[in-house]
Amino acid sequence: MIMMMRYNIEGGDFSAAGRASSEVKKTLKQFNISSLVLRRIAVALYEAEMNVVAHAWKGIMNVDIQPQRISVVIEDEGPGIEDIGKAMEEGFSTASDEVRQMGFGAGMGLPNIKRNSDEMILSSTPNVGTRLEITVNF
Ligand SMILES: Nc1ncnc2c1ncn2[C@@H]1O[C@H](COP(=O)(O)OP(=O)(O)OP(=O)(O)O)[C@@H](O)[C@H]1O
Ligand SMILES: [Mg+2]
């Protein structure tokens with residue numbers, strides 16, 4: 001282990017949204033990681049963080065930086081996802097009008113996380129919450 005970090009994410013708090021993922025990005029800049037890999041990590045973590053803000057009540061982001069990879073678990077308490085296969089489709093979104101007015105809800109977050117990670121494990125229990133594990137190799 002090189003470094004571990006933990007952040008709280010508040011559902012509905014769009015003013016603080018993106019803080020955790022940008023802190024991780026800042027930390028990773030101290031390491032010798034290519035800008036391409038850094039960008040993939042930043043995109044995946046930002047989308048994961050925004051999904052907690054937009055769709056859940058609250059969550060935590062647990063970051064584990066190893067010599068060859070970063071592994072991040074985002075776990076939330078919220079409505080959960082009924083059909084993960086559907087949620088993974090480009091353009092599928094249940095975002096509220098309020099969330100759409102903030103510029104979110106294109107249904108591109110999860111497909112973007114998939115594209116920008118080397119491993120993505122998504123599991124969810126309706127009415128309980130969602131767990132997303134993202135791994136990106138350096
Ligand atoms: N943490 C979560 N809790 C509950 N539902 C979620 C969560 N993450 C995703 N979802 C569900 O999966 C759908 C698709 O998520 P995705 O991130 O791809 O799109 P979006 O968040 O709706 O829009 P965008 O990410 O483009 O702003 C969401 O609309 C929501 O129904
Ligand atoms: Mg999203």
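**A tour of the ligand 1 site**

Start by selecting ligand 1: the space it takes is the largest pocket. A molecule counts as sitting in a pocket if more than half of its atoms lie within 2 Å of the pocket's grid points. This is a predicted model, in which local features need pLDDT of at least 70 and side-chain atom pairs pLDDT 80 or more, while totals for chains, interfaces and linings use all residues. Residues are numbered from 1 along each chain as its sequence is written, and side-chain values use heavy atoms, without hydrogens and water.

Next, show the residues around ligand 1 (a heavy atom within 4 Å). Of these 20, the nearest are His 55, Asp 76, Ser 93, Thr 94 and Gly 105. By class, the shell has 9 nonpolar, 9 polar and 2 charged residues, with Gly counted as polar.

Now look at the polar contacts (N or O atoms within 3.5 Å). Select Thr 94: an N or O atom of its side chain is 2.5 Å from an oxygen atom of ligand 1. Move to Gly 107, where a polar backbone atom is 2.9 Å from a ligand 1 oxygen. At Met 108, a polar backbone atom lies 2.8 Å from an oxygen of ligand 1. On its own, ligand 1 has 600 Å² of accessible area (Shrake-Rupley method, 1.4 Å probe), and the protein covers 93% of that area.

Finally, colour helix H2 (35-55), which gives the most to the pocket lining, 8 residues. Helices here are DSSP runs (H or I) of at least four residues, numbered from the N terminus. The lining in total has 20 nonpolar, 12 polar and 6 charged residues.

Definitions and conventions: Chains are lettered from A and ligands numbered from 1 in the order in which they are written. Helices (H or I, at least four residues) and strands (E, at least two) are DSSP runs, numbered from the N terminus. A polar contact is a pair of N or O atoms within 3.5 Å; within protein, one must be able to donate a hydrogen and the other to accept it, and residues adjacent in sequence count only if both atoms are side-chain atoms. On a 1 Å grid over the protein atoms alone, a cavity is a set of points where a 1.4 Å probe fits but cannot get out, and a pocket is an open set with protein on both sides within 12 Å along at least five of seven lines; lining residues have an atom within 4 Å of a point.
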